[in-house]
Amino acid sequence: MDIQLIKSEFKKFNKYYKEKNIKLSILSLEKILEENPKQIEAIFFLATIYLQNKNFIESKKLYLKFIKMNPNNPSVYYNLGLVNYNLDILDDAIENFKKVLEINKDNTDALNNLAKIYKDINQLNESKIYYEKCLSIEPHKKNACLGYSGLLFKLNDHINGLKYLRTGSGIIRFNKNNI
């Protein structure tokens with residue numbers, strides 16, 4: 001294994017990635033993986049670039065390879081959840097986001113994504129549980145507030161739905177009590 005080659009290619013990758021040259025970024029990571037197929041950082045970065053560029057199938061393959069090497073990385077499970085969500089494999093996405101929560105129970109992004117998925121598949125009570133947990137940790141999380149407001153409207157709780165819509169969209173009503 002040529003350590004200097006790997007270091008050199010990582011430098012090139014960083015340069016190309018900062019320049020938003022995706023094609024050359026990918027080529028640098030592929031050269032690293034040719035030299036060392038188990039180079040875990042290269043696997044992660046390549047999977048993430050594929051995810052960002054909507055190449056979900058290749059991204060999924062690499063994240064699964066990463067998990068075999070390091071099964072306790074919440075970022076990989078989170079990203080794999082995004083991949084599975086975009087591939088419309090919702091059961092796997094749910095499992096991935098729940099795995100994130102096993103590792104970090106307060107991950108509000110995973111909580112919010114679970115709430116959204118459950119809302120999408122019309123499991124509204126389950127969705128409500130995850131939105132409420134998310135918002136108990138981060139009360140002003142914009143996308144959670146907006147998602148929760150939509151859920152509350154769907155559940156005919158218009159007063160609270162409006163409250164979370166205001167919070168999520170940044171609308172503040174001024175009255176004599178908050179001036």
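## A tour by selection

Select L165 first: this residue lies in helix α10, residues 158-169. The model is a predicted one. L165 counts as partly exposed, because its relative accessibility is 33%. Together with L165, they make a nonpolar surface patch of about 200 Å². Show the three side chains and the surface to see this patch.

**Helix α4**

Next, select residues 56-69, which form helix α4.

Which residues of α4 are buried? Colour F56, S59, K60, L62, Y63, F66 and I67. Look at the spacing of these numbers along the helix. An α-helix has 3.6 residues a turn, so residues three or four places apart point the same way.

What do the buried residues of α4 pack against? Select three helices here: α3 (40-52), α5 (74-86) and α6 (90-103). The buried residues of α4 pack against these.

**Salt bridges**

Turn now to the charged side chains. The model has 10 salt bridges by the rule used. Two stops follow.

Start with K15 and E19. Their side chains meet in a salt bridge, 3.2 Å from N to O. Is K15 buried or partly exposed? K15 counts as partly exposed, because its relative accessibility is 45%. E19 is also partly exposed, at 47% relative accessibility.

Then select K105, D106 and K133. Salt bridges link these three residues in a network. Take each link in turn:

- K105 to D106: the closest N and O atoms are 3.6 Å apart.
- K133 to D106: the closest N and O atoms are 3.8 Å apart.

K105 is exposed, with a relative accessible area of 56%; the cut-off for exposed is over 50%. D106 counts as partly exposed, at 35% relative accessibility. K133 is partly exposed, with a relative accessible area of 33%.

Conventions. Residues are numbered from 1 along each chain as its sequence is written. This is a predicted model: local features need pLDDT of at least 70, side-chain atom pairs count only at pLDDT 80 or more; totals for chains, interfaces and linings use all residues. Side-chain values use heavy atoms; hydrogens and water are left out. Helices (H or I, at least four residues) and strands (E, at least two) are DSSP runs, numbered from the N terminus. The expected span of a helix is 1.5 Å times one less than its number of residues. Buried means under 20% relative accessible area, exposed over 50%, partly exposed in between (1.4 Å probe, protein chains only). Contact means heavy atoms within 4.5 Å. Patches are made of residues with over 30% relative accessible area and no salt bridge: like charges are joined within 9 Å, nonpolar side chains (Val, Leu, Ile, Met, Phe, Trp, Tyr) within 5 Å. Accessible areas come from the Shrake-Rupley method with a 1.4 Å probe; for residues, only the protein chains shown count as cover. A salt bridge is a side-chain nitrogen of Lys or Arg within 4 Å of a carboxyl oxygen of Asp or Glu.
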